[in-house]
Amino acid sequence: MASEYWNRFWQRRTSRRRMLGYGATGTIGAAGLALVGCGDDDDDTGATPTSAGTTAPTNTPAPGETPTATPAETIKRGGRLRTSLTNDPPTLDPYKNLTFLAQGRAATVYSRLFKFRSGPDYAYAAYESTGDLAESHELTGDNSQLIVTLRQDIMTHPIPPVNGRQLTSDDVKVSWDRYLATSQNAGDFNFVDSVETPDDFTVVFKMGTPTATIIPLLTSPQHFWVLPKEAGIDFDPEQIMIGTGPWIFRKYDISQQLSVDRFPDWHGRGPENAPFMDGIDWFIMPEYVTRLLQFQGGNLDLTGVNANDLLDLQKDMPNVVVSGEFRALMSFLYMSGPGDQGALGPDSPFKDERVRRALSMSQDRDTITDIAYNVEKLSKAGFDAKILWNATFMPAGLGVYWVDPKSPAMGDAAAYYEYNPGEAKKLLEAADFPFDQQFPLRATQNVYGSDFDSTRDLTLGYLKDVGLDVVMEVEDYSSRYIKQTFVGNFDGLAYGYQTPFTGPEGYLTRPFTDNPANHSKILDPDLIAMIEKSATEFDREARLQIIHDIQRYASDKMYYVAGQAGANQAWVAAHPYVKNYAEYITAGYGPPTETDPYIWLDT
Amino acid sequence: MQGYILRRVMLAIPTIIGITMVVFGMMRFIPGDVVDVIFGDYGTNPELKEKILNDLGLDEPWPVQYVRYIGQLGRGDLGHSIISGRSVNQELKARIPVTLQMGLMAMVFSLIVALPIGVLSAIRQDTIFDYLGRTFAIGLIAIPNFFFAIMLLIILAREFNWVPPPRYVGITKDPVENLQIMILPSLVLGAALSGSVMRFTRTQMLEVMRQDYIRTAQAKGLRERTIIIRHAIRNSFIPVITVVGIQIPVILGGTLIIESIFNIPGVGRYLVASIAQKDYPVVQSVNLILAVFIVVLNIVVDVTYGVLDPRIRYR
């Protein structure tokens, strides 16, 4: 039985990419950082057409038109998927809170103008935009306006007060205004001067500065969800969800269960009439062990599994399908001189790039990752476990945007990622590093999970190995770390996670531009110029190239030392009757729209 | 008796006011604030942060916030969660019966186990029954309840492919499913209590069994069963009631962990999540409710003590 399973496992692996970071539907999460954007190094797709790069109207295929992994006639319809959420959503209004608990639930009921492509032909972290509410879109010749034409078959859910009416541009405009007024990340759209709706099915975004990120941002499931115009007036979106998405909100029993039912008139249903299941039930289970045992007891259809539990699970339940995708989670070691002057300040011991390179070369990334995430044992047991290295400053899980530090694509800077303590010591000595000075390593504890804590401790150990006098200084997350250290007001060294973003923009602007959270106060004019260029480059391939150049440049300077916490696969176990999720899973918070409609249960 | 109860109630009022002050102050002494929690590492917008603090009234001086809080309490309004905006009254209305049921079942379990073994251990002192009973009691006290809970679930899931249903169902809606969900957490919660009650029962029984009136009963030729049931147990149980009353806060404390492990939507789980999120109104209100409950319970225990023991007179 077991050998059959593993044969199937490997066949699936070699045939195409596999699943799954199902955290976006609530099964995976770690201390509020459960966004699991995931890279996929064995993706077989080479197609990366861009919707952002077009200047003529682009027809965006309906979701249902993407091929399914299973022939339509074999799909069994009905049944309800039973899965879990790690906690209560603080609110059901996606504008009011940015946690995955709120944003991920929005994806069940609401729609965006664009969404990520999903299906057997699209990689997990390809981040390709396609229309959701948008039928087509066009950029004006000077790229100053994005004109979005809405589909005309979008119906709201058949619930008062909207009662299944047609969605129009008015809903988009009202939502936009409410989004700007209430959302904490609306500032990401500062380049949009105004939004106009010349007719019922046209929305025009007028940009003060033409910015190529407008479509990625409108695609991002962390940003603009379109709610009916009645939201906040005729119904309270903090209490109930009424939208146009694939699932109709059924009930939310606090600390118990959130349930949605299939919306038969979903605009994305396609010829196969998705969603295939009758609904989804998320049971709210804060404890990991409870989720795992409920899965083992047959009360959940799928669940996230820690790397250290996979071998036991494999032994107990050999038929369970287990696989994982890389998380888009960026940990990093950062520095600052005395008086909060940043890494490059005049008195900073880290201003010499040889020092920063040495710090990077002091780290044995493979060993750190193996210890934290059990990679070697899992590989030996037949799991598709791999080690990828985060780059400066892009997480390995960000797929197409990431440059592999182990690959030739990283250029000369690849040498600074290799574990080479001897060379690291030489560099430090050559730079007259003050070995007699003691530095704090500032970090949190028990906030991000045990894997973060262990990688942090190992990082500290490797720094000591090359002669640095470093002492751990544990900081309270909310009163000290996030208020002071994270925003660059510290001296010495610090180690932490970057906010998880579903696109590359945040990973570029946060650490390298005049941003309040520029952690090491790195303001390199050449780098800023490259970042600005990437923001105004509308050709996707050219923009990708610039983003890769930025990583090579930043890695050469080693402005931040990429850490390995978060550079791991998020493992998910599913009972074998759960079909199609592997083929449709996408990164970020969007799977309830992009993945779940195509899941079916072979029961 | 009535005068005594009135005096106790009057004395409880300053106690409860003191508790509100302590809890109110402690929540504000903890580093960081709720807005930091809401923002997390997205927190780069000081203006919006100020606005949220203002909207929540958290930018006012503490005494002003406290007076407003007491005013709300006076109207029976426990406030709204800062994180979710939901009414604390409504939340507690749904959660208190769940926790009470679990606490009650835990109490029943513990007494069913503890009393017979405690009595048997005493009347068969220094026999194999006594040694086994005492070992069992120490074992129950020594095992941490979270460990016991997880082991129980693992054994059931792995060996019997059974775990409690994932969703709580009220006892009036489906008693069978309710018991399936509640029986394990109640058992775990009751275990530690039963250990201590068992040991205390044994000690009390031993003391009573050495009293003159027991010796008199034995001299009169009464059967052992009659002596134990009619004379010894009633007198030995009076102090046990006090111990059980004192243990109720321990049970309530246990719900914080056990409700999370068994996924029970009770007050304990609510409190844990609220503390982590620095959700002031919820933490204050839940603590207040728990404090009032414990104060009232203590009064009830003291009164019951007098009812059971005619030698006690309240003045």
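The model is predicted, so local features need pLDDT of at least 70 and side-chain atom pairs count only at pLDDT 80 or more, while totals for chains, interfaces and linings use all residues. Residues are numbered from 1 along each chain as its sequence is written, chains are lettered from A in the order in which they are written, and side-chain values use heavy atoms, with hydrogens and water left out.

Chain A holds 17 helices and 21 strands; helices (H or I, at least four residues) and strands (E, at least two) are DSSP runs numbered from the N terminus. Of the 603 residues in chain A, 64% are buried, where buried means under 20% relative accessible area, exposed over 50%, and partly exposed in between (1.4 Å probe, protein chains only). Among contacts (heavy atoms within 4.5 Å) in chain A between residues at least 6 apart in sequence, 74% join residues at least 24 apart.

A:Arg540 counts as buried because its relative accessibility is 11%. A:Ala212 is 328 residues away from A:Arg540 in sequence, yet their C-alpha atoms are 8.8 Å apart.

Where the chains meet, 45 residues of chain A and 35 residues of chain B take part. The area buried between them is about 3,500 Å², with 52% from carbon and sulfur atoms; this is the accessible area (1.4 Å probe) that two parts lose on being put together, summed over both. Two salt bridges are found across the interface, each a side-chain nitrogen of Lys or Arg within 4 Å of a carboxyl oxygen of Asp or Glu. B:Arg158 forms a salt bridge with A:Asp316, their closest N and O atoms lying 2.7 Å apart. On the side of chain B that touches chain A, α7(B) gives the most, with five residues.

Helix α7 (residues 145-160) of chain B also gives the most to a nonpolar patch, again five residues. This surface patch covers about 740 Å², and its members include B:Phe146, B:Met151, B:Ile155 and B:Trp162. B:Ile155 lies in helix α7 of chain B and counts as partly exposed, because its relative accessibility is 46%.

Methods. Patch = residues over 30% accessible without salt bridge, like charges linked within 9 Å, V, L, I, M, F, W, Y side chains within 5 Å. Areas by Shrake-Rupley, 256 points an atom, 1.4 Å probe, with all protein chains shown as cover.
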